[in-house]
Amino acid sequence: ASYLEASDNIEQLAAENAKLKQELDSILRELEGKAPMIIANQREFCEIQKAFNKTCVDLEKVMEENAHLKTELEGTADLRNKCGHLEQENKDLCFQLRAVLAEQLQE
């Protein structure tokens, strides 16, 4: 009985092994069929990654330039304020000069 059981077990294991081998062969054929697509996807991913990295570098440069321009713009705002003060001072001096001239002419 033990020989028959062992023989049956061997047959079952052989059948299971054959079935698993067929499944593995099927999976392998499927992967081999998809290999060109996987390779193409990897290349595309690498290209996209390079483009993304370049875009990040470009963005960093633009942000630095933006900060520089913002600083320059703040400087021009200060100059505009000083210019406005000087214009007002000039108007005030002109008014005072007219008053002095008018006073001198009346004498």
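Q: Is Lys54 buried or exposed?
A: Lys54 is exposed, because its relative accessible area is 51%; exposed means over 50%, buried under 20%, and partly exposed in between, with a 1.4 Å probe and protein chains only. This is a predicted model, in which local features need pLDDT of at least 70 and side-chain atom pairs pLDDT 80 or more, whereas totals for chains, interfaces and linings use all residues. Residues are numbered from 1 along each chain as its sequence is written, and side-chain values use heavy atoms, leaving out hydrogens and water.

Q: Which residue forms a salt bridge with Lys54?
A: Asp58 does, with the closest N and O atoms 2.9 Å apart; a salt bridge needs a Lys or Arg side-chain nitrogen within 4 Å of an Asp or Glu carboxyl oxygen. Asp58 counts as partly exposed, at 31% relative accessibility.

Q: Where do Lys54 and Asp58 lie?
A: Both are in helix 1, four residues apart, about one turn of the helix. Helices are DSSP runs of H or I with at least four residues, numbered from the N terminus.

Q: How many salt bridges does the structure hold?
A: Two. Lys34 and Glu30 also meet in one, at 3.3 Å from N to O. These residues, too, lie four apart in helix 1. Lys34 is partly exposed at 38%, and Glu30 is partly exposed at 45%.

Q: Where is the kink in helix 1?
A: A kink of about 45° lies at Ala35, shortly before Pro36; the angle is taken between axes fitted to the seven residues ending there and the seven starting there.

Q: What span should helix 1 have?
A: Its 105 residues, 2–106, should span 156 Å, and the end C-alpha atoms are 144 Å apart, which agrees. The expected span is 1.5 Å times one less than the number of residues.

Conventions: Helices (H or I, at least four residues) and strands (E, at least two) are DSSP runs, numbered from the N terminus.
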